[in-house]
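Please look over the sequence and the structure shown here before reading the report.

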Amino acid sequence: MDFVSSNFLCEEGLEEKQIQIYYDIYQGLGIAWEFLGLQCKHWDGFKKVRRGKKACKICGKLEDMEEDYYLLGKGQKKRIGRKVVPDSKKTFKNRKIAELLKDSIDFHGASIAVDVHNSYRARLGKMDRDINIAAERTATLKESGIRCSIDQHLIVIGLEKTKRKTKKPPYGGFPWEIRKNDLKHFPVIFQYDDEYNFLGLTILR
Ligand SMILES: [Zn+2]
């Protein structure tokens, strides 16, 4: 990497096209280096570095660092983790033991969070005893003020900053429960086939 950097990338007067080629080589070497780092078993032990930390003599990884980072290709589909779903019928004592995954990523301005847990007991709000929280896998996407969360039972889309004049809790209702005139406030288009099977919906902003 140093060789490519000092012999080619730092050279002045290179054409844009050539720079791109050397840049790609540099990136490729970087990924290979990371991959080799993942293979390192730190056989030669650790040496002291700054602030009392210790780093591997071979790959330079800090001794107390968690070793679970990912190789992400540039310009390709990125894959982080695998699909985790609830894996037990048991109800656990608390959320911490029941938790299988709670992770999130900010990806080019969109935020994605995945929360997976088995069933557990918890006390909600002002209740005086524990209740069973069902096992669940929830994925949530937040993008430009809109929040969409998906679990096994529901797809919920919410506008995060809707200006509301009243403090009353929001209402909810099936379309057929709402008067036709009031329905006109909701810019929702239902998609369905000729047998009225629900295919999806579009919301106009
Ligand atoms: Zn190492």
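## Origin of the model

The structure is a predicted model, and what is said below about angles, contacts and neighbours should be read with that in mind.

## Helices H1 and H2

Two packed helices are described by the angle between their axes and the distance between the axes. Helix H1, which covers residues 2-9, and helix H2, which covers residues 16-39, have axes that come within 10 Å and cross at roughly 170°. Because angles over 145 degrees count as roughly antiparallel, H1 and H2 are described as roughly antiparallel to each other.

On the H1 side the meeting residues are Val4, Ser5, Phe8 and Leu9, and on the H2 side they are Tyr22, Tyr23, Ile25, Tyr26 and Leu29. Sorted by class, this contact between H1 and H2 has 8 nonpolar residues and 1 polar residue, with no charged residues.

Strands of a sheet pair through backbone hydrogen bonds, either parallel or antiparallel. In this model 5 strands form an open sheet, arranged in the order E4-E5-E8-E9-E10, and their pairing is antiparallel. The edges are held by strand E4 (99-107) and strand E10 (155-159), each of which has a single partner strand, so one side of each is left without a neighbour in the sheet. On average, and with direction ignored, neighbouring strands of this sheet are turned by 10° against each other.

Between E9 and E10, which run antiparallel, there are 5 bridges, and Ile150 stands opposite Ile155 in E10.

## Two residues with positive phi

His42 lies in the loop between H2 and strand E1 (46-48), and its phi is near 55°, a positive value in a residue other than glycine.

Ser144, which is found in the loop between strand E8 (136-143) and strand E9 (146-150), is not a glycine either, yet has a positive phi of about 35°. Ser144 is exposed, since 8 other C-beta atoms lie within 10 Å, and the cut-off for an exposed residue is 12 or fewer.

## Arg95 and its contacts

Arg95 is found in helix H3, which covers residues 95-98, and it counts as partly exposed because it has 14 C-beta neighbours inside 10 Å. Leaving aside neighbours within four places in sequence, Arg95 is in contact with His117, Tyr120 and Ala122. The C-alpha atoms of Arg95 and Ile133 are separated by 8.9 Å, while the two residues are 38 residues apart along the chain.

How values were computed:
Residues numbered from 1 in each chain as written. Predicted model: local features only at pLDDT ≥ 70, side-chain atom pairs only at ≥ 80, totals over all residues. Axes fitted to C-alpha atoms, helices over the stretch in contact; angles between N-to-C directions. Helix = DSSP H or I, 4+ residues; strand = E, 2+ residues; numbered from the N terminus. Parallel < 35°, antiparallel > 145°, perpendicular 65-115°, else oblique. Contact = placed C-beta atoms within 7 Å. Nonpolar A, V, L, I, M, F, W, Y, C, P; charged D, E, K, R; others polar. Buried ≥ 20, exposed ≤ 12 C-beta atoms within 10 Å, placed from the backbone. Pairing = 2+ DSSP bridges.
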